Structure formats: structure tokens, C-alpha cells
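Q: Could you pick one part of this model and go through it closely, contact by contact? I'd like the cut-offs spelled out as you go.

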There are 2 protein chains.
Amino acid sequence: MPSTMPPLPADALVVGLAVDVAAFAIHDGELRVLLVQRGEGPHLRAWALPGGLVHPGEELAEASLRVLHDETSMDLEPRHLEQLHTFAEVGRDPRGRVVSVAHLAVLPHGTVAVQGGNEVLGAEWLSAHNPPPLAFDHADILAHALARLQVRLEYANLALEFLPEAFTLPELQGVYEAILNRQLDKRNFRKKLLAQGVLTPSGERRSGVGRPAQLYRRAKHARTAAL
Amino acid sequence: MPSTMPPLPADALVVGLAVDVAAFAIHDGELRVLLVQRGEGPHLRAWALPGGLVHPGEELAEASLRVLHDETSMDLEPRHLEQLHTFAEVGRDPRGRVVSVAHLAVLPHGTVAVQGGNEVLGAEWLSAHNPPPLAFDHADILAHALARLQVRLEYANLALEFLPEAFTLPELQGVYEAILNRQLDKRNFRKKLLAQGVLTPSGERRSGVGRPAQLYRRAKHARTAAL
DNA sequence: CCAAAAGTGTTATTTCTACACCCATGT
DNA sequence: ACATGGGTGTAGAAATAACACTTTTGG
């Protein structure tokens, strides 16, 4: 394939290319989504998903990571990042045609402190199941992301990405419950998870109170995702 | 929200926005995908998914339908059209940064004849499970589309979109088998489908040979899709 | 009456769900 | 000793998978 090709045809539609990121984490046993308060442009002071324009030569995944970094002033390192859906409706952004590729990110436990960054008044982890009103079509994006997260629990072992490398089964169950937004039976949960063979036990651990829980790690062979 | 807003910032990355469409239909009991032979640009004469640049003010779905129409010279009317994935890798198109939003389309039975259209040497329905080599990253797109189609069989009753309004259970089973690329048990298939309650019987019908089969239609209440 | 495709039931296996008590530790 | 959370088994229900013969039509 030649390296110099004719440029794009003159009738090529040019648009702004952006990413928006629905980044999830578990805090206090609750599923939270990272939201920022807009500091400029339309929907000033409204809550929104972190997002922004893609730079030239930048891949979508890179842009997503950069945006997270810039708008939270934190070195967030998602354990999982996948594309969700592309929102390209003609009127979705009042500034012109902006095509936004929405992403789903999963951050591990321990990702707590965030603060506002560039062009943003503040950043916070807020309830994913009961979010505040959001700017643009971000409520749609969040709903998509939540639905995707739930179906991914079955297929991939995405829940592990919310936890540190070593974790207990009750902690893992807590992740499932936070994402599915309902209680699960302890015995059935353990049976199912252990039967999958994706967990391997290690040493022990004493939590604050009660009987110490067995620690587990992900087994060697673990699918990352599919679909 | 004001109707006149500042234009996009000067640092906005502008890109070409395109759609590619993986359009499926069943022919001769086999799952086929609509492919065109490129008549210009890179990958001349290679097989590719129908696709092209989005026009200004045009929605992605509109562009997908237009592209199908233009490149087959046929008034194809998909029964189902959904967004699949956005391919935006920096080097994927040698002409510059082109972001392509891939779509999955389902065409009903009877959609047979296609011919080449604008900028295309020819169009054909070819085997979806054993396609010829494809231009650009279209083999990836096709693989994604096929996987999505298979999971959609479970959730939605997408199989109905491949058939005319009235159809027999053996025909429906044939659609499942063509998509899943394996044989299914007749009795179990009937049990499961009828238990779902999405089919309602109507009159009879005599095929060429053998016992006539009961005709069914979709019941009133039918989910179209999800996820 | 023969070929061809449609239609129909039962059983074994697996998976899912509901449910209550004992165990190990820290205080 | 007691409060706290971790850990375990069983039985009924539901879903799934395997399997072979009869029925209706056209020729």
C-alpha cells in the first residue's frame, strides 16, 4: 500500500471528534460514576461525564485516558477501557457537529480522591444508579454504560477489575451487588464463582472484625472481555 | 439553550466521518453478507463492506441506508439497523484520518438481486462465515458483526427480521442455524420458541413437497432489541 | 404407495433458587 | 462471653439436551 495517497475528497464531511468516558468505581459498597462540573462552554456548572476533543494523531483510548487525567488532576489508571457507543446526532452539541465516542472505564478500588482539573470546576464520584441531572445527552450515555456493565458481569470477569489484586469473596460479591443493584445469596454466589475456576486462593487476612476471610487472586487463564 | 453558540474551538480535530455497513441476509439457507468490489481509491478491486462518507447534516442511520442504496442500485430496506463499533485507528485509512462507524443491518428474505452502483464494480451476497479477503479492516468489522448477530439471537427476536411477515417454524429454525452455523434439534427449537410467546399461528401453506407447514407471524408485543 | 418434510413427548442432566446454621476471630 | 462477619450443604424447580416415530401432503 503506497504511503502517499490522494487526500480526502473535497466533499468529505469534517466534524469534531470527541470522547466521553463513563468511569466506574466502587466506594462505600456503592457503584459510583466519575462526574465533573463543567467550567466553560454550554451547560456551564452542570454535571457531565469527563470528555473532550481528540487530538490529532491520538487514538481514542489515549484520548480517554488523557481526559480522565486532565479533568481530575489524578493519575487514574483504568483497569478496563472499552468503547461503548458513538453519539453523532446532528443537534447533540450546540457548537456544531461533534461526534462523541463514549467509553466505559473501570477503576480499581482505592481510587478515591479526585479534584477539578482543566476547564472543570470540580470532580466527584457520584451514585451511578441515582445520578444528578447531566449535561448534553450524558444521561443516555450513562444508561448505556450501566447496562453494558451489567451484561459484562456475566460474560467477562469484569468485576475483578474493581478490586485490588487480592480480594475476598465477600468483597467480590459486594461488587456484583453494587453493579446489579440487588442483593445476592452468599452460598449461591460462592458456588458459581468458584465453579468458574477463575479464582485461586492464597493466604489469609483479618479484617477489622469477625472471622478472617480467605484471599483470592485471579487465576492464570482469565478472559478479559468479549462481544 | 441559546441557538447561537461559539464555534468549535480552533484546536478541534477534524476528521472524515464515514459509515460501513455489514448487511446480512439468508440465501439458500446460508448466511450471506453484502459485499462490493471497490472501483476507486485504495484497495481497488478488493471486496469490501458497503460504506462511504457521511454528508453534512446527515445522521449515521441515514448515511447507512444511502450507502446501501447507492452501491447496489437497489432499494434495499433493512428491517434492522444498529450501530456496531467505531473504528478510528489513526492509520486505518491511507487517505487521512477517517473515523468509520460500523453498522449491522438485517435484510429480509427475498432481497436477492444486487448490482454495482456508484464507484463500485459490483455487488454480491457472499458467505458471511467464509468471506473472501476484505479491504481495510473490514474483516474485523465483519467478525464483530457476526458475533453481535449471534448474541442478538438470544436477546431480541432478531431472527424474524430475516423472514417475510409470514413464515414457518422450519424456516425460522433455518435462520437460526445459518447464523449460528450449526444444527439445532427440531423439537427443542419449537418448544423454546413457542414458549417465548412471540409467535402467533395463522393459516396453512403448502411448500413444494412434503407435509404443509403451519404459518406464523410475530405476536403483537415483540421487543425489537436491547443492549 | 412412496418420498419428503412437518410435527410431536419423554427422560436424564444440568443449572438455578431458596433457605439456616456453625465457625473463627477481636474485644 | 459475645458480637461480627465468614463459611458451608441440601432439596425443589426450572431449563436444557438427547433421542425416534407418526402425520400429512404431492407425485
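**The surface around the DNA strands**

A: Let's start at the backbone of Gln214(A), where a polar atom lies 2.7 Å from a phosphate oxygen of DNA strand D. A polar contact here is a pair of N or O atoms within 3.5 Å; within protein, one must be able to donate a hydrogen and the other to accept it, and residues adjacent in sequence count only if both atoms are side-chain atoms. Please keep in mind that this is a predicted model, in which local features need pLDDT of at least 70 and side-chain atom pairs count only at pLDDT 80 or more, while totals for chains, interfaces and linings use all residues. Residues are numbered from 1 along each chain as its sequence is written, chains are lettered from A and ligands numbered from 1 in the order in which they are written, and side-chain values use heavy atoms, with hydrogens and water left out.

Around DNA strand D there are 20 residues, and the nearest are Lys191(A), Gly210(A), Arg211(A), Gln214(A) and Arg211(B). Near means that a heavy atom of the residue lies within 4 Å of the strand. Of the atoms of DNA strand D that come within 4 Å of the protein, 36% belong to sugar and phosphate. Helices are DSSP runs of H or I of at least four residues, strands are runs of E of at least two, and both are numbered from the N terminus. By class, the surface near DNA strand D has 5 nonpolar, 5 polar and 10 charged residues. Here Ala, Val, Leu, Ile, Met, Phe, Trp, Tyr, Cys and Pro count as nonpolar, Asp, Glu, Lys and Arg as charged, and the others, Gly among them, as polar.

Now to DNA strand C, which is surrounded by 20 residues; the closest are Pro170(B), Lys186(B), Arg187(B), Lys191(B) and Gln214(B). Sugar and phosphate make up 42% of its atoms within 4 Å of the protein. On the bases, a nitrogen of DNA strand C sits 3.2 Å from an N or O atom in the side chain of Arg187(A), and a base nitrogen is 3.4 Å from such an atom of Asp185(A). From the other chain, the side chain of Lys191(B) brings an N or O atom to 3.0 Å from a base oxygen. The elements giving two or more residues to this surface are helix H4 (186-196) of chain A and helix H4 (186-196) of chain B, and H4(B) has the largest share, 4 residues. By class, 5 nonpolar, 5 polar and 10 charged residues line the surface near DNA strand C.

At the start of H4(A), a side-chain oxygen of Asp185(A) comes to within 3.0 Å of the backbone nitrogen of Arg187(A). At the start of H4(B), a side-chain oxygen of Asp185(B) reaches to within 3.0 Å of the backbone nitrogen of Arg187(B). Just after H4(A), Gly197(A) has a positive phi of about 70 degrees, and just after H4(B), Gly197(B) has a positive phi of about 70 degrees.

Finally, H4(A) also takes part in an aromatic pair. Over all chains, a search of the whole structure finds 2 such pairs. The ring centres of Tyr176(A) and Phe189(A) are 5.1 Å apart and their planes are at 75 degrees, so the pair is edge-to-face. Tyr176(A) is in helix H3 of chain A and Phe189(A) in helix H4 of chain A, 13 residues apart. Rings of Phe, Tyr and Trp (its six-membered ring) pair if their centres lie within 6.5 Å; planes under 30 degrees apart count as stacked, over 60 as edge-to-face and the rest as tilted.
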